[in-house]
Each structure stands twice: as structure tokens, then as C-alpha cells.
Amino acid sequence: QFGGNLSGPIISKKASFFVDFDRRQVEDNDIINATILDPNLNITPFNLAVLTPQTRTTFSPRFDYALNANNTIVGRYSYTRSERENAGIGDFNLLSRAYNNSTTQHSFQLTETAILAPTVINETRFQFVRSLREQEGDNSIPTIRVLDSFTGGGSAIGLSFNRETRWELANNTSWALSAHSLKFGVRLRGISLKDVSSNNFAGTFTFAGGV
């Protein structure tokens, strides 16, 4: 795991930036412990260790800018991506069952803060988020499951994904009234969602097994 951040002024007392980066890599593995038939149709144990690497990357810059003494703008962007290879294997599940999955998210935020009076602050915020979750395996052939022995054939997952887009616009005003405070505002939100799942499209054949 490694990462770091960097910050500093762009224009003295006017604009500044902050950037953060992080990367994590995990070289893990899963163990297949199954019982299969060899080319001569003899029952034989099958053991295999398979690498299932995982990675996660995040990148997030921020920009602050003072328009004047009473108005400031803050812009943020965030990128996150997680990946895993050879998911879905281990125990009785053979290597042909493997599939890869990933998650990616982009997020953008823009905030404008205005001091309208010594006791009144107005904030306008816009946010846009796009997320994508994907799973990809070979489900072109049926899954073969022999109870207490092995599960082979194709992956249960073909090409599946979930794509989501969200946006939000909000305006809030805070007013300090002596020992009390009042906050009011309005918010608009929208969302678009597309979901595709092709799980088990080639079917599954299950047989009695065991030794």
C-alpha cells in the first residue's frame, strides 16, 4: 500500500489546492479442493492454489478559490476504482468458474459559500456522481455441479453491470438569531439507473456425487 498528498497555494491568500492519492494491492489466493475424474475416468483428488489479486486506487484533488472577502468556491473531484480477478473459485469451484469484477466511481462537487450578513450564510452546492459495477465471466457453457465433488463448466456470471448516475443541486441559508439558529433551503435530485444481469444463462446441471 502506498500513497501521499500534496497541498499548497496557487495564488497567495486567494487560491489553494490539495491532492490525495492512495493505492492498495493485495496478492491473495484461493485454494481449490475438489474430487474429479482423470482422463481414464479414475476418481482423483484435485488441489490447486490460484492467485486472486485485488487492487484499489483512489485519487482526489480539491481546489479552493476566494472570489472576494465574502464569497468562496470549492471544487472537488474523487476517483475510486476497485478490481478483483478470479473471483468465484475455491473449495469445489474449479478454475473455469472464475470471473472478474470491478467498481469505478467518479464524483464531482462544487460549493459556493456567501456571507450575506454577519449572521447569515448562504451555501449553494452541486454534486454529480457516476458509478459502474461490472462482473465478467464465461457463461457460454452450462455449469456442471457434482455434489460433494466439484463444480465446473462455465461461470455462473456472464457480462453483468450496474450503471448509476446521480446529480444533486441544493441551496441552504443559515441564520444565527441570538441563542437560536434557523436553516432553510431547497434541494433538487435526479438519478438514472441501468442494470443488466446475465447470471446462469447457460443453465446448471446437478448430479449426485461423493466418494
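Q: What makes Glu123 partly exposed?
A: Its relative accessible area is 29%. Buried means under 20%, exposed means over 50%, and partly exposed lies in between (1.4 Å probe, protein chains only). So Glu123, at 29%, is partly exposed.

Q: What kind of model is this?
A: This is a predicted model, where local features need pLDDT of at least 70 and side-chain atom pairs count only at pLDDT 80 or more, while totals for chains, interfaces and linings use all residues. Residues are numbered from 1 along each chain as its sequence is written, and side-chain values use heavy atoms, leaving out hydrogens and water.

Q: Why does Glu168 count as buried?
A: Its relative accessibility is 13%. That value falls under the cut-off, so Glu168 is buried.

Q: How do you know that Arg125 and Glu123 meet in a salt bridge?
A: A salt bridge needs a side-chain nitrogen of Lys or Arg within 4 Å of a carboxyl oxygen of Asp or Glu. Here the N to O distance is 3.4 Å. The pair therefore qualifies.

Q: What makes Glu168 and Arg125 a salt bridge?
A: Their closest N and O atoms are 3.3 Å apart, so they pass the same test. Glu168 lies in strand 11 and Arg125 in strand 8, so the pair ties together parts that are 43 residues apart in sequence.

Q: How do you know that Glu164 and Arg166 form a salt bridge?
A: The closest N and O atoms are 2.7 Å apart. This is within the limit, so the pair counts. Glu164 is buried at 18% relative accessibility, and Arg166 is partly exposed at 31%.

Q: Which residues do salt bridges with shared partners join into one network?
A: Glu123, Arg125 and Glu168.

Q: How do you know that strand 7 and strand 8 pair?
A: Strands are DSSP runs (E, at least two residues), numbered from the N terminus. Two strands pair if DSSP finds at least two bridges between them. Strand 7 (residues 99-117) and strand 8 (residues 120-137) have 18 bridges, in the antiparallel sense. One example is Ser107, which stands opposite Val129 in strand 8.

Q: What makes strand 8 and strand 11 a pair?
A: They are joined by 17 bridges and run antiparallel. That count meets the rule, so they pair too. Arg125 has Ala170 in strand 11 as its bridge partner.

Terms used
Helix = DSSP H or I, 4+ residues; strand = E, 2+ residues; numbered from the N terminus.
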